Amino acid sequence: MQKSFLLYFLITIVGVVFIGRLFQLQIIRGDNYDPIHNSAVKIDFDYPERGYIYDRNGVLLVANQLSYDVMIQPNQVKSLDTLEFCKLLKINKKSFLKRYNKANNYASYLPSVFLKQLAKEDFAFLQEKLHKYHGFFIQKRIIRKYPINAAANVLGYIGEVNEQLAKMDTYYEPGELIGKDGIEKQYEGFLRGSKGKKYFNRNNLNKVTGSFKNGEKDTLAENGKDLMLTLDIKLQEYAQKLMIGKRGGIVAIEPSSGEILALVTAPTYDPNMLVGRKRSKNSAILMDADNLEKPTYDRGLKASYPPGSPFKMMNALIGLQEGVITKDSSFKCYHGYKYGNRKGEFMKCHCGIVGRPVKLKIAIAKSCNTYFSNTYKRIVEKNNKPSEGVDNWANHVKSFGLGDYLGYDLPQGSPGLIPTGKYYDDAYRYRWNASTNISNAIGQGEVQTTPIQLANFTAAIANKGFFYTPHILKKVDKNPIKAPNFTEKKQTSIDKEHFDPVIEAMYEVYKTGTGRRNQVKGIDICGKTGTSENYAVVNGERIKLEDHSILVAFAPKDNPKIAIAIFVENGGYGSRIAAPITSLMIEKYLNGKISKATKYRETNMLNISLQSEYDKLIPKIEEIASGTE
């Protein structure tokens, strides 16, 4: 009797447990049950095509190509001939164990990449034999292909998802691909699409027996969206060619829209170097911290330089707005500007106008340091309160987007530096005046800007007081962007009426001033050359290096179509390298070709290399820059 009772009791308990488990699976979990944790369910991912990327004229910049990955699901792996398997994959046993343990430690029930991007010939051979190795299978994958060797810094690249990211974002599995930089990273959500999933039941022999729940949970892959960029790839390619043998950054913007036409960093690299099995090896070379060329460092967005003489136009505009000068105000120049109370405090000037009154137009055209030092002093000491004066000056400067990231749609950047009254109060314990930071008058001192900030500043001048936030995305699947940040005007703090005399002066730069030798027939160019003195500490000794070459410009004068800022490191006077490159780019963009009359200019720029100057920077140095043209 006792035994019968015990038997009935055990049967009842087992029945209750079974019914409870069935209730949990069918009722509690129901449609929300995720079969991914069930070893009896096989999951096949269907990877979508990543969106294509085009330039503003529809030229294909980024396409796709098929890749084949060997996948592993550790809890399905059975005893195998390790040596034979390693021979098939062309790896050693140590590598096999490392890859297996990595996958098993992450999640034994999830498929992950065991060996990525097989060669086509290896894939065909392996596919015939892989059925012998349970827990391993081939997964087709889409990787990138770059038809044109240009704009690597803009396009970016894709790389593998690591375990940490996969745990943070459930969409991704370890080893899948994700945008790592540039457009690929910034617009990953558009480009990646949505992968499909198919669930299959399998028996204890690991064989598929049919769809899980008749395919109710299966999803279809959705291809990524195609993107059209604002970039003009022909202009981009041309600028990159002109910068071979040089270091620096170039940014070209369409003033009427804020669209980035060219974004160049030099030196650069072939984007195809970061595709395929050689990616790891190439990335180690390109991203080596000891590589002074820094090909992956976007100088157009991140490199901060003193703006030099182009910044004089900023002080002219602020002086006009604050009423401390007019377009007819004049100052006499005696080879420079004396400041402070100590002997030897003298800023040299090479404008060539000695002892005669210099007005605004000629001051910009001839780059007169004396004129802008007087103007800056009047701005800062307008109310005999230098700290408030510098704050007022800084607010005007920042209204042009300087001293900030600008809000453009690329993941890299630098804010630069526009000093405030507090900056100098802290540095000099409230004992300072305009003479203390007079270098700000000519774009030196503490002022730091990036090429994209100066290009935007130039576009704001071309527009006579407003700008659109620079951006690189034009359309998503043929639909124009509508983001307010990129389509709404940003007003500067300078009234429209004050821009005309500055624009006339910039036009004079190319007629009779420092840019006169770089005119282009039929195109009215407005610009300003600049030079930043460049010092370095090499082996503990401070030495003078070749100056940085700078130029900003827009064209044509009426209804401007392009605004440019160029920095060429160690390039010398702005009129030597930056000015010819600017004129060539403007001519190429507006006319579509380089004329016979200016072909010599192109030949000169293509043949100039500054490598001998850069060699002086070896070993590691600490750069110190000051001075101006």
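This is a predicted model: local features need pLDDT of at least 70, side-chain atom pairs count only at pLDDT 80 or more; totals for chains, interfaces and linings use all residues.

Reader: Within what arc do the buried residues of H14 fall, seen down its axis?
Author: The buried residues of H14 are Pro386, Gly389, Val390, Trp393, Ala394, His396 and Val397. Seen down the helix axis, they line one face of H14, because they fall within an arc of 160°.

Reader: Which helices do the buried residues of H14 pack against?
Author: The face in question is lined by the buried residues of H14. Their packing partners are helix H11 (312-322), helix H13 (369-380) and helix H15 (421-428).

Reader: Does Asn374 count as buried or exposed?
Author: Asn374 has its place in helix H13, and, leaving aside neighbours within four places in sequence, it is in contact with Phe331 and Tyr337. Buried means under 20% relative accessible area, and because the relative accessibility of Asn374 is 19%, this residue counts as buried.

Reader: What is the nearest side chain of opposite charge to Arg601, and how far away is it?
Author: Arg601 lies in helix H20 (residues 599-607), and its contacts beyond four places in sequence include Arg517, Asn518 and Leu584. Arg601 is buried yet has no salt bridge. The nearest side chain of opposite charge is Glu587, at 5.1 Å.

Notes:
Residues are numbered from 1 along each chain as its sequence is written. Side-chain values use heavy atoms; hydrogens and water are left out. Buried means under 20% relative accessible area, exposed over 50%, partly exposed in between (1.4 Å probe, protein chains only). Helices (H or I, at least four residues) and strands (E, at least two) are DSSP runs, numbered from the N terminus. The arc is that of the directions from the helix axis to the C-beta atoms. Contact means heavy atoms within 4.5 Å. Lys and Arg count as positive and Asp and Glu as negative; His and the chain ends are not counted. A salt bridge is a side-chain nitrogen of Lys or Arg within 4 Å of a carboxyl oxygen of Asp or Glu.
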